[in-house]
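The tour below says what to select at each stop.

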Amino acid sequence: MEIARHWRLQRHRYSLVGEVCNHCGVKIFPARDVCPECNAPAKTPYTFSGKGEVYSYSTVHHPPEGFEHFAPYVVALVRLVEGPLVAAQLTDVEGEKIEIGMPVEMVTRKLRDDGSKGTIVYGYKFRPVIAGGAAVVAKDAAV
Amino acid sequence: MRDVSIIGLGQTPVGEHWEKSLKDLAAEAIQAAIKDAQTERVDALYVGNMCSGTLNGQEHLGALISDWVGLRGVEAVKIEAACGSGAAALRLGYVAVAGELADFVVVAGVEKMTDRPGEQVTAALAMASDADFEAQNGLSFVALNALLMRRYMHEFGVCHRDFAPFAINAHKNAVGNPFALFPHPVTADDFCAAKMIADPVNLLDSSPVCDGAAAVVLCPTEIARQFNSRPVRIRASSAATDTIALHDRRDLLGLEGAALSAAKAYKQAKLTPKDIDLFELHDAFTIVSVLSLEACGFAERGRGVRLGAQGDIAIGGQIPITTMGGLKARGHPVGATGIYQVIEVALQLRAQAGANQVRDARLGMAQNIGGSGATVVTTILEAG
């Protein structure tokens, strides 16, 4: 169940809130309270734009327990425009249409559910940026 | 600090041991190692294991196994560092003997994985990664390695087939290892046609889920020959870490934990990569072999994959790797792997590797990795 655990991470997962280091200015995601570059304390929240590009990707055919009904699904490392890499699923796109360098943007989706009586965990996934600016909501976007 | 030697080796065949429990496997390996060491005294037992809590519903392995194997009363603890648990336990055994806190230490690695269905094993292995920001987003452990492999192929312009020699070499060498899980050869065509797990990583890029246990006995070098006519000396033992999460790495393909661990080991042993006669590396996936060879100084960045095509990694090549089958074909019972690797190096240095013997092997290195490069333990061994 771990309700408190997921509740603690709401801002990270729903709004892509990380941190900025007041000493060296590095943007940090996920938040870690100590700057990975200069080791200074870094507790100032910073909301990322959610824009980035695919740095690497893979289609998962053998999922871990809890993700079976999503398989196959695409995971990626996304390089955010502010600098950090984020590990996340890609959504609204087929594996064979993805390329390294493809622009993507963050959306909120269901990550997993723990059975009929368990918590439903929501969080960020990334989808291709649709040319023309305004994002078109895919028909399965409610998933 | 005093020098430490290995005087006893024991291993079970790697396999799907439905008839044996975790403690049965551990006992088989430990008893074989103690018999090989010809000692009756044991001061401490360190047990490397990753998944006993999640897959076997059993923690507290130090007490469990020491009692089961007839060592009731000795100091005994479990050590966990994901797939690097075995060598992490060895490192602590080494520290205890080198630091003169114990004279005879048994270090065992054990893993019992096949009692559970695949999704549960996959979820258990994903615990080696960052639970909140990798596993919770659906990244399996294979997927993390797939991200490394895809990026490597992109940056250095190589294709999936270029990794085939690493699987072929491992399987070929497993044929000569009576303890190996897959003692049969594979071809490049087999490699390319294997079932996809998390693309580009397919089944023949990957080490298998299996059961196994391995154990060694350590004692001070100065008395090692009283117990075994062919002791193997630990010239270096070093551990290092990197970020647990791939997305936090400064250099995704640098495997900096492995580089740091190897550099410390070379410094302690006063050796360079050129001095190493064989290297039991952590080939959990073909990409990890390549990145390890680069991080440890056997190939330049982006060129490790070429060592496969050139035959440098074969027995008789420049730097033989996975000489008894490696994780790929001997098998990867995760918490036991680090001890299997060290035993295989020791067998080479004792000239007991049979058909797989590396000629005139005097110095061998083993490197055991936990997670996708987050814990790295390097051990350099010398004959005599």
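Predicted model: local features only at pLDDT ≥ 70, side-chain atom pairs only at ≥ 80, totals over all residues.

Residues are numbered from 1 along each chain as its sequence is written, chains are lettered from A and ligands numbered from 1 in the order in which they are written, and side-chain values use heavy atoms, with hydrogens and water left out.

**Chain A against chain B**

Select the 37 residues of chain A and the 30 residues of chain B that form the contact (heavy atoms within 4.5 Å). About 3000 Å² is buried between chain A and chain B, 56% of it from carbon and sulfur atoms; buried area is the accessible area (1.4 Å probe) that two parts lose on being put together, summed over both. Highlight Y55(A), H62(A) and I100(A), which supply 17% of the area that chain A buries here.

Next, show R5(A) and D132(B): they form a salt bridge with their closest N and O atoms 2.9 Å apart (a side-chain nitrogen of Lys or Arg within 4 Å of a carboxyl oxygen of Asp or Glu). Three salt bridges are counted between chain A and chain B.

**Inside chain B**

Colour domain 1 (4–117 + 210–224) and domain 2 (138–206 + 235–383) of chain B separately; such bounds come from an automatic or database domain assignment. Their C-alpha centres lie 23 Å apart. Finally, select D36(B) and R350(B), a salt bridge whose closest N and O atoms are 3.3 Å apart.
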